[in-house]
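User: I am new to this structure and would like to learn how to read it. Please show me the general idea of each feature and then the case at hand.

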Amino acid sequence: MLVQCTQKKEGKGRVYDKKQACYYCGKLFSKIARHYEHEHWSKREVAMAVSLDKGSPTRKKSLGKLRLLSNYQYNLTVLETGRGELILKTRPASDEKCIPGDYLPCQYCFSFIKQQNLRKHITIRDSK
């Protein structure tokens with residue numbers, strides 16, 4: 001079981017290589033919204049989200065909820081089998097220790113967050 005840290009290009013910004021799990025087929029994709037739109041457009045949740053205007057806050061929110069739920073489902077499978085890579089809300093810096101046992105799911109949004117930051121995350125979420 002692994003936790004992937006953020007990576008940087010030599011002398012440049014970070015590398016955008018984070019993958020998200022698909023709720024329906026369980027595969028990992030870097031562009032999950034595009035995958036849903038092309039492969040699972042007939043599913044009810046996806047059809048409702050895709051019918052909205054591209055870039056609209058409502059569309060982003062509904063696809064975001066589906067993304068978080070699918071990542072949660074994927075992470076539970078990783079924890080159960082002990083193989084694979086946890087998908088975190090925010091990946092740690094490359095110089096930070098990456099221990100999978102340090103991350104727990106938020107009970108409200110289902111994203112995996114570092115245990116010591118979870119209380120702050122929930123407090124911020126409740127204040128909105």
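User: Which residues is S111 in contact with, leaving aside its neighbours within four places in sequence?

Analyst: Contact means heavy atoms within 4.5 Å. With neighbours within four places in sequence left aside, S111 is in contact with L68, K89, L104, P105, C106 and H121. This is a predicted model, in which local features need pLDDT of at least 70 and side-chain atom pairs count only at pLDDT 80 or more, while totals for chains, interfaces and linings use all residues. Residues are numbered from 1 along each chain as its sequence is written, and side-chain values use heavy atoms, with hydrogens and water left out.

User: Where is S111 found, and is S111 buried or exposed?

Analyst: Helices (H or I, at least four residues) and strands (E, at least two) are DSSP runs, numbered from the N terminus. S111 is found in the loop between β5 (103–105) and β6. Buried means under 20% relative accessible area, exposed over 50%, and partly exposed in between (1.4 Å probe, protein chains only). S111 has 4% relative accessibility, so S111 counts as buried.

User: How many helices and strands does the chain have, and what pattern do they follow along the sequence?

Analyst: The secondary structure comes to four helices and six strands. Along the sequence, the pattern reads β-β-β-α-α-α-β-β-β-α. The C-alpha atoms fill a box of roughly 40 × 35 × 35 Å, taken along the principal axes. Of the 128 residues in the chain, 30% are buried. Among contacts between residues at least 6 apart in sequence, 43% join residues at least 24 apart.

User: How do I read an aromatic pair, and how many does the structure hold?

Analyst: A pair of aromatic rings is described by the distance of the centres and the angle of the planes. Rings of Phe, Tyr and Trp (its six-membered ring) pair if their centres lie within 6.5 Å; planes under 30 degrees apart count as stacked, over 60 as edge-to-face and the rest as tilted. The structure holds four aromatic pairs. One of them joins Y24 and Y36, edge-to-face, at 6.1 Å centre to centre with 80 degrees between the planes. Y24 lies in the loop between β2 (20–21) and β3 (28–29) and Y36 in helix α1 (residues 32–39), so this pair ties together parts 12 residues apart in sequence. Y24 is partly exposed at 25% relative accessibility, whereas Y36 is buried at 1%.

User: What angle do the planes of Y72 and F112 make?

Analyst: The planes of Y72 and F112 are at 40 degrees and the ring centres 6.3 Å apart, so the pair is tilted. Y72 lies in helix α3 (residues 57–81) and F112 in strand β6 (residues 112–114), so parts 40 residues apart in sequence are tied together. Y72 counts as partly exposed at 22% relative accessibility, and F112 as buried at 2%. Elsewhere, ring pairs link Y23, Y24 and Y36 into a cluster.

User: Which residues make up the largest nonpolar core?

Analyst: In soluble globular proteins, nonpolar side chains tend to be buried together. A nonpolar core is a set of buried Ala, Val, Leu, Ile, Met, Phe, Trp, Tyr and Cys residues joined through side-chain atoms within 4.5 Å. The largest has nine residues: V3, A21, Y74, V78, L86, I87, L88, Y103 and F112. Apart from it lies another core of seven residues, among them C22, Y36, V46 and L66.

User: Which residues does H40 touch, not counting those up to four places away in sequence?

Analyst: On that count, H40 touches C22, Y24, C25, H35 and V46. H40 is found in the loop between α1 and α2 (44–50), and H40 is buried, with a relative accessible area of 11%. C25, in the loop between β2 and β3, is partly exposed at 33% relative accessibility.
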